[in-house]
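Let's walk through this structure together, one piece at a time. Please have the sequence and the 3D view open as you read.

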Amino acid sequence: MTAGAFENPDVAAGAPQHPLLEFWFDFKANFGAVTGLAVIVVLILLALFADFVAPHSPIVTNNAAFLKPPFWQQGGSIAYPLGTDAIGRDILSRLIHGARLSLLIGIAVVTLSVVAGTILGLVAGFFRGVIEIAIMRLMDITLTLPSLLLAIVIVAILGPGLMNAMLAVAIVLLPHYVRIARAAVISEVSKDYITAAKVAGAGRLRLMFKEILPNCTAPLIVQATLGISTAILDAAALGFLGLGAQPPLPEWGTMLADAREFVLRAWWVVTLPGSAILVTVLAFNLLGDGLRDALDPKLKR
Amino acid sequence: MLRFALTRLSLVVPTFIGITLLVFVLIRLIPGDPIETMAGEHGIDPARLAQLRADYGFDQPVLVQYGLYLSRMAHGDLGRSIVTHEPVISEFRMLFPATIELSVCAILFALCLGLPAGIIAAVRRNSIFDHGVMGISLTGYSMPIFWWGLLLILLFSVQLGWTPVSGRIAVQYFIEPVTGFLLIDTLLDGDFGAFRSALSHLVLPTIVLGTVPLAVIARMTRSAMLEVLGEDYIRTARAKGLPRFRVIAIHALRNALIPVVTVIGLQVGVLFTGAILTETIFSWPGVGKWLIEGINRRDYPVLQGGTLLIGAIVMIVNLLVDVTYGLINPRIRYTR
C-alpha cells in the first residue's frame, strides 16, 4: 500500500513546491488511495442524486414481487436489477438510499467527535491539573470498555434509534481526537513561537485555535478519515443488532438484520448490503492510509 | 520492576472506579425504577414496593446508594437477572468459558496465520506476496464481521454442508462441564465423537472472530519487521555470514515481537466487540450473546453486571500486557 510513496523520486529541482501540490503528488502515486477516493466520489454522487438514480422508492413494497432474484437469474426481471427483499422492496434502490444514510452517519458522527474531541484535548493540554486529569481519566474509561459494548451501554441509556446510535459511536471515537489534540498542545506550548505570540498579547483562545491547532490538523484529518470507516462499521453493527437505525430505514446493517432469516432461500438479500458496507469501509480506509503516507513527513525520505 | 508494576496499577484503580460509576449511573438513568421493572406489569402492593425499595436502598440518598452498590459488588453480588432470577455473577461464570474458548481459538488462528504472513511480507518487501498480504489484511480490517459470518454460513454450512450452522456441540452429546471448555472436557471424557462435533462447531466462529485480529497482527508484524530489518545489528549478523533464516527468525523476530505482543494484548477489547457479534450470528452460548439478549429483554442487571465484569477483565489483561511489556523491554521500565 505504501509502496508508491517510497518509489516516488523526490522533486528536488527548482523552487519548492506549494505544499498542496506536493501533497497531491505524493497522494496520486498511491494506487490504493486514489481508488479509495474514486469509490468515495461515486458513493457521494449516488447519495446526492439517490432520488433520481434509484429506480424505485426504498420503502414502497410490491406485493407481486417477494424475494425476486437479480435479473441474471431465472425468475428475475430488469425492473428489479438486484432483486427484491422479503416484502417486495427493490434492493438496488435500498442500497443507493443506504449509501446516503451511511455517508451521513459517517460524516455526522466524525464531525461531532472531532469537534468535541479537539476542544476537550486542547482544554486538557492547556489547563493542566485537575481538568486534564478528569478529561483523560474519562477517556481512559471510554478506551477500556470494548467499543461496541460501550456503544450498546449508551444506546441502552438513550434508547435504540439511529440518532442515539450515532451519538454512541461519536462518544466511542472521542478519545482518539482528544489524545491527538492534547499531544499537540503539550509538544508545542513551550516552543518559541508560542512565547512570541503570548508576548504579542494573544489570548488563550487565539493560542489554542490559531497557533496550536494548525499543528495537529494533519493527524486529525487522517484520524477523521479512518474514523468515518469505523463509524460506518459500528453504526451498521448496531443496526444489525437491532439497536441502530430502525426499519424501514434502508440502513445497510438493518437490511442485513432483516435478511438473516432468508439466508437459506435468497442469497442476494444477504450478500449485497454487506458488500456495500465492505466496499465503503475499505474505500475510507484506503483513503485514510494514503492521506497518512502523504501527510506524514516522517514516512517520507 | 515492582515500582513500575505498582505505578501501572495505580493508574488502573481510578479507571475501575470510573467504570463502576458509569455502571451505577446506567442504573439510575434508565427510565423506570428497577423495583418497578422487577415487579413487572402486574403491579405491586404499595407496602411491598416500599419494603423492596428499602431493602435495595433506593430510599437512600444517591451517594449512599453508590456506597451500598460498591459494598454489594465487593461481596460479589451484582444483582439478579430480571428474566431468569439467577444471580448475574453465576450466569456470567457459566457462560464465560464458552467466550474464552472461542476467543483463544480466534487469537491462535490469527497468530498462526498473521505472524508468518507479516514476516514473509516484510522479508519480501514490495513483492506480489507483500502486496497480496497487505491487500487482504486491509480488507479483513474493513470487514463487517457480522456479514462475514453470514457469508461463511452460506458457503460452508448451506452450500457445502461441511460445518454446523450454530451452537457449540451437537444436541446428542451431553458433556459434564469440568473446565467449561468443551474441547478439553470432551477429551477428558474420552468421547472423540463429541470432540469432533465441538471442533466442527468452532471452525467458522473462530475464523469470523479471528479475522480482524489477523489483519491487525499481519500489518503490525510486517511494519515491526521492516523497522528491525533496517537496523545495523542485522547487517552485522548478515555480514558475519549467518544463515538468512537464523538472522530473520532469531535476530530480527525477537525484537520485532515486542510491539506485536502489545498489539495482541490490545486485541482483547476488539475480541469482546467481535464476540458480541460472532456469538449472535452463530448462537454461541457465551457472554456476548447473553448481553445482547439482556438488552433486548430489558434485563438491565445483566447489562450492568456484564459491562462491569468485562470492563474489569479487559483492564486486568491490559495491565498484565503493560507489565509484560516492561519485563521484555527494559527501556520502557526506566524511561517512565
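Helices here are DSSP runs of H or I with at least four residues, and they are numbered from the N terminus. With that in mind, A:Leu205 is part of helix H10 of chain A, which covers residues 204-212. Keep in mind that you are looking at a predicted model.

The C-alpha trace spans about 75 × 55 × 30 Å along its principal axes. Chain A has 301 residues, and 46% of them count as buried. If you take the contacts in chain A between residues at least 6 apart in sequence, 70% join residues at least 24 apart.

Taken along the principal axes, the C-alpha atoms of chain B fill a box of roughly 85 × 55 × 40 Å. Of its 336 residues, 38% count as buried. Among contacts in chain B with a separation of 6 or more, residues 24 or more positions apart account for 71%.

Let's return to chain A and look at how two of its helices pack. Helix H5 (residues 91-126) and helix H11 (residues 217-240) of chain A have axes that come within 8 Å and cross at roughly 130 degrees. That angle makes H5(A) oblique to H11(A). The crossing in which H5(A) passes H11(A) is right-handed. On the H5(A) side, the residues in contact include A:Ile105, A:Gly106, A:Val109 and A:Val110, and on the H11(A) side they include A:Ala224, A:Gly227, A:Ala231 and A:Ala235. By class, this contact has 11 nonpolar, five polar and no charged residues.

Some of these residues turn up again around A:Val169. Leaving aside residues up to four places away in sequence, A:Val169 touches A:Val109, A:Ala151, A:Ala231, A:Asp234 and A:Ala235. What is the largest nonpolar core like, and which residues have the most contacts inside it? This core has 163 residues, and those with the most contacts inside it are A:Ala151 and A:Val169. Its largest share, 19 residues, comes from helix H9 (residues 192-229) of chain B.

Chain B has helix pairs of its own to explore. The axes of helix H10 (residues 232-239) of chain B and H11(B) come within 11 Å and cross at roughly 150 degrees. Angles over 145 degrees count as roughly antiparallel, and H10(B) and H11(B) are therefore roughly antiparallel to each other. H10(B) passes H11(B) in a right-handed crossing. B:Tyr233, B:Ile234, B:Ala237 and B:Arg238 of H10(B) make this contact with B:Val247, B:His251 and B:Ala252 of H11(B). Those residues divide into five nonpolar, one polar and one charged.

H11(B) also packs against H12(B), at an angle of about 80 degrees and with the axes 7 Å apart. These two helices are therefore roughly perpendicular to each other. In H11(B), B:Ala275, B:Ile276, B:Glu279 and B:Thr280 meet B:Gly288, B:Lys289, B:Leu291 and B:Ile292 in H12(B). This contact has four nonpolar, two polar and two charged residues.

Finally, look at where the two chains meet. In this interface, 38 residues of chain B are in contact with 36 residues of chain A. Among the elements that give two or more residues to the chain B side are helix H1 (2-29), helix H11 (244-282) and helix H13 (300-328). By class, the side of chain B that touches chain A has 27 nonpolar, 11 polar and no charged residues.

Technical notes:
Residues numbered from 1 in each chain as written. Chains lettered and ligands numbered in written order. Predicted model: local features only at pLDDT ≥ 70, side-chain atom pairs only at ≥ 80, totals over all residues. Contact = placed C-beta atoms within 7 Å. Nonpolar A, V, L, I, M, F, W, Y, C, P; charged D, E, K, R; others polar. Core = buried A, V, L, I, M, F, W, Y, C linked by C-beta atoms within 7 Å. Buried ≥ 20, exposed ≤ 12 C-beta atoms within 10 Å, placed from the backbone. Axes fitted to C-alpha atoms, helices over the stretch in contact; angles between N-to-C directions. Parallel < 35°, antiparallel > 145°, perpendicular 65-115°, else oblique. Left-handed = near helix turned anticlockwise from the far one by under 90°.
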